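Hi,

Here is the structure I said I would pass on.

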Amino acid sequence: MANIRRNLQPPGTSGIFQIISMGVRTARFSFRGWTTDYNNSRREIIEVDAGLNGDVERAVIRRMIELIRKHFKGDFNWESQRLNRVIVLSARLEDNAGLEDFLMLEFFGTYSGFQRGSLLR
């Protein structure tokens, strides 16, 4: 019965990002992703190098967005720890600046001035 219930669930992808370490130029974060349920999860460790005089925080966010776009091309649900609710964000290329800024605020408490209404749906 558990297998039948699992097979009847709508397809979907979920995941959790966790920043493991961050230096001046490099960072490491993990992504634990799964489809349909947590029982089939996998964990990836991602290393980011912002380059000489690069913005390591922005480099981390851009790499996270690459992972998000592997699974979503349009809207997706984001469980915001900062806002304490689930919101709908856009992975569309034309919404990239707003998504980057939102995730910068979410993970690092900083942003470069996105327009709140343009990204949140």
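To start with, how many helices and strands does the protein have? There are 4 helices and 5 strands, where helices (H or I, at least four residues) and strands (E, at least two) are DSSP runs numbered from the N terminus. Going from the N terminus, the elements run α-β-β-β-α-β-β-α-α.

Some housekeeping first. This is a predicted model, with residues numbered from 1 along each chain as its sequence is written. Local features need pLDDT of at least 70 and side-chain atom pairs count only at pLDDT 80 or more, while totals for chains, interfaces and linings use all residues; side-chain values use heavy atoms, with hydrogens and water left out.

On confidence: pLDDT is the predictor's confidence in each residue, from 0 to 100. Its mean over the protein is 83, and 76% of the residues reach 70 or more. Over residues 4–10 the value is below 50, and that stretch has 5 contacts beyond near neighbours in sequence (contact means heavy atoms within 4.5 Å). Residues 113–121 also stay under 50, with 23 contacts beyond four places in sequence. Where pLDDT is low, the predicted coordinates should not be read in detail.

As for the overall picture, 34% of the 121 residues count as buried (under 20% relative accessible area, with exposed over 50% and partly exposed in between, using a 1.4 Å probe and protein chains only). Of the contacts with a separation of 6 or more, 41% are between residues 24 or more positions apart.

Now helix α2, residues 56–71. Its 16 residues should span 22 Å at 1.5 Å a residue, and the end C-alpha atoms are 24 Å apart, which agrees; the expected span is 1.5 Å times one less than the number of residues. At the N-terminal end, Asp 55 is the cap, with a side-chain oxygen 3.2 Å from the backbone nitrogen of Glu 57.

- Ser 90 sits in strand β5 (residues 85–90) and is buried, at a relative accessible area of 0%. Its side chain makes polar contacts with those of Arg 92 at 3.0 Å and Asp 95 at 2.5 Å.
- Glu 106, in helix α3, is buried too, at 15%. Its side chain makes polar contacts with the side chains of Trp 78 (3.2 Å) and Arg 82 (3.2 Å). Beyond four places in sequence, Glu 106 touches Trp 78, Glu 79, Ser 80, Gln 81 and Arg 82. Gln 81 is 25 residues away along the chain, yet the two C-alpha atoms are separated by 7.7 Å.

Finally, what about the largest pocket? About 610 Å³ of space lies in it. Of the 20 lining residues, the closest to the centre are Gly 15, Ile 16, Asn 77, Trp 78 and Glu 79. β1 (13–22) is among the elements that each supply at least two lining residues, and β1 gives the most, with 5. For the record, a pocket is an open set of points on a 1 Å grid over the protein atoms alone, where a 1.4 Å probe fits, with protein on both sides within 12 Å along at least five of seven lines; lining residues have an atom within 4 Å of a point. Points are joined across faces, edges and corners, and the volume is the space filled by probe spheres set on them.

Cheers

Conventions. A polar contact is a pair of N or O atoms within 3.5 Å; within protein, one must be able to donate a hydrogen and the other to accept it, and residues adjacent in sequence count only if both atoms are side-chain atoms.
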